[in-house]
Amino acid sequence: MSRRAGSAGSNSTLAFVESPVQLLNVLEWAHAHAPGAGLTLVVLSPTDPMTRGQLRRMAELARDEGHAVRWEEARGGPAAPFQTIGGLAGTLRRADRVVLGDPFSRYVQLLLTITRASELVVVDDGTATMEFVAQLARGERLVRWHRKGGRPGPRDLIFAPVSAAARKRLTPSERRRVQIFSSMPMEETPAGVTVSANTFAWTRARFGPPRITKGADMVGTSLVETGVVDGERYLEAVRTLAKAHGTTRYFAHRRESTEKLHRLAVETGLEIVRPDLPLELIARRGPIGRTILSFPSTVVHTLPLALVGTDVRVSVCDIDPSWLTENASPRAQGFLSGVTGTARDVHRLSSVVAAV
């Protein structure tokens, strides 16, 4: 039975999310650290239709759990950011605790300059969380891993003071506690930061156990769309892996382009599935293949947790250096290898050739 949603005005915990995975992990954090308490979830809605659709579904689940949801068309035109930030300023100043899903987001960084909260919580955002923790520990500017190594653009330079102020807010002090809630491994922990584990307990309690099929499923990645991996190389890798493992379904990442997915369907014969929820929930609901194939991504860490106690095996294929584009960040290969190498309870395929 659903808990009754509390009033947005009376809540002292405010959460900001921009993706379905961030919203899922806010629900996981609330289940682990604030059971029975209603949060105010602010969705800073993106423009991408797939992401918006998944966010709508996740917002329904959040309401079912007793949380208030405030949907903001944060990117609905030139005036939208000013209207969104202006409309949230009073609520943000009154919040005792702020939960956020993406510390690299310029939107979130702007909002952090307003808050007076005595506690900040960064919830799991996958591989970005690993990079955020490392940068915070080393006192570096906050830059997404696939952009690191490049020269700052004009917008980066203009926004630099806000980013620096946000990083300062995310550094623990006598007046402010900082917590990180994550399923990702942390090589460096910033001084004074409390780290707690995301075990996907809410997901396992809410869904499943899944029906497991005999075949194999593949998880897509947006590394082509972010300019890290060459599109032709990726297509060939998917084709080779699918043939070697008898894969029939390809779960698309929400940021994969329609054109790329169409080519994959035509040239590999795979059934392209565009999930309406984060993959952790899709897999837990089932049906799901006995083997799940993935390239380096967050799911090689999260799926084993969501599927603990089942017979599903997650296999991950490394990104060969020859697949990288000439525009890829200098540290892309090392970062992606680290994502794979630190994953627990997965079967590692050293390359597509080895997989065959």
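Strand β1, helix α1 (residues 20-33) and strand β2 together make a right-handed β-α-β unit; a crossover is right-handed if, with the strands pointing away from the viewer, the path from the first strand over the helix to the second runs clockwise. Helices (H or I, at least four residues) and strands (E, at least two) are DSSP runs, numbered from the N terminus. The model is a predicted one, in which local features need pLDDT of at least 70 and side-chain atom pairs count only at pLDDT 80 or more, while totals for chains, interfaces and linings use all residues. Residues are numbered from 1 along each chain as its sequence is written, and side-chain values use heavy atoms, with hydrogens and water left out.

Strand β1 (residues 13-17) is mostly covered, with 5 of its 5 residues buried; buried denotes under 20% relative accessible area, exposed over 50%, and partly exposed in between (1.4 Å probe, protein chains only). In a regular strand the side chains alternate between the two faces of the sheet. In β1, Thr 13, Ala 15 and Val 17 point one way, Leu 14 and Phe 16 point the other way, and all are buried.

Two strands pair if DSSP finds at least two bridges between them. Strand β1 runs parallel to strand β4 (residues 97-100), to which 4 bridges join it, and Phe 16 stands opposite Leu 100 in β4. The pairing of β1 with strand β2 (residues 40-44) is also parallel, over 4 bridges; here Ala 15 stands opposite Leu 41 of β2.

## Strand β6 and its partners

Of the 6 residues of strand β6 (residues 177-182), 5 are buried, so the strand is largely enclosed by the rest of the structure. Strand β5 (residues 119-123) is joined to β6 by 5 bridges, and the two run parallel; Val 121 has Gln 179 of β6 as its bridge partner. Strand β7 (residues 194-197) is joined to β6 by 4 bridges, again in parallel, and the bridge partner of Ile 180 in β7 is Val 195.

Helix α11 is largely enclosed by the rest of the structure, because 7 of its 8 residues are buried. The buried residues are Val 299, Val 300, His 301, Thr 302, Leu 303, Pro 304 and Ala 306. Their cover includes α7 (201-206), β8 (212-219), α10 (279-285), β11, β12 and α12, where contact means heavy atoms within 4.5 Å.

## Aromatic pairs and charges over rings

Rings of Phe, Tyr and Trp (its six-membered ring) pair if their centres lie within 6.5 Å; planes under 30 degrees apart count as stacked, over 60 as edge-to-face and the rest as tilted. By this rule there are 4 aromatic pairs. One of them joins Trp 202 and Phe 207 edge-to-face, at 6.1 Å centre to centre and 85° between the planes; Trp 202 and Phe 207 are buried.

Phe 295 and Trp 323 form another edge-to-face pair, at 6.2 Å centre to centre with 75° between the planes. This pair links distant parts of the chain, 28 residues apart: Phe 295 is in the loop between β11 (288-294) and α11 (299-306), and Trp 323 in the loop between β12 (313-317) and α12 (332-341).

A charge sits over a ring if NZ of Lys or CZ of Arg is within 6 Å of the ring centre and within 35 degrees of the ring normal. Arg 56 lies over the face of Trp 71, at 3.6 Å from the ring centre. The charged end of Arg 206 sits over the ring of Phe 207, 5.3 Å from its centre.
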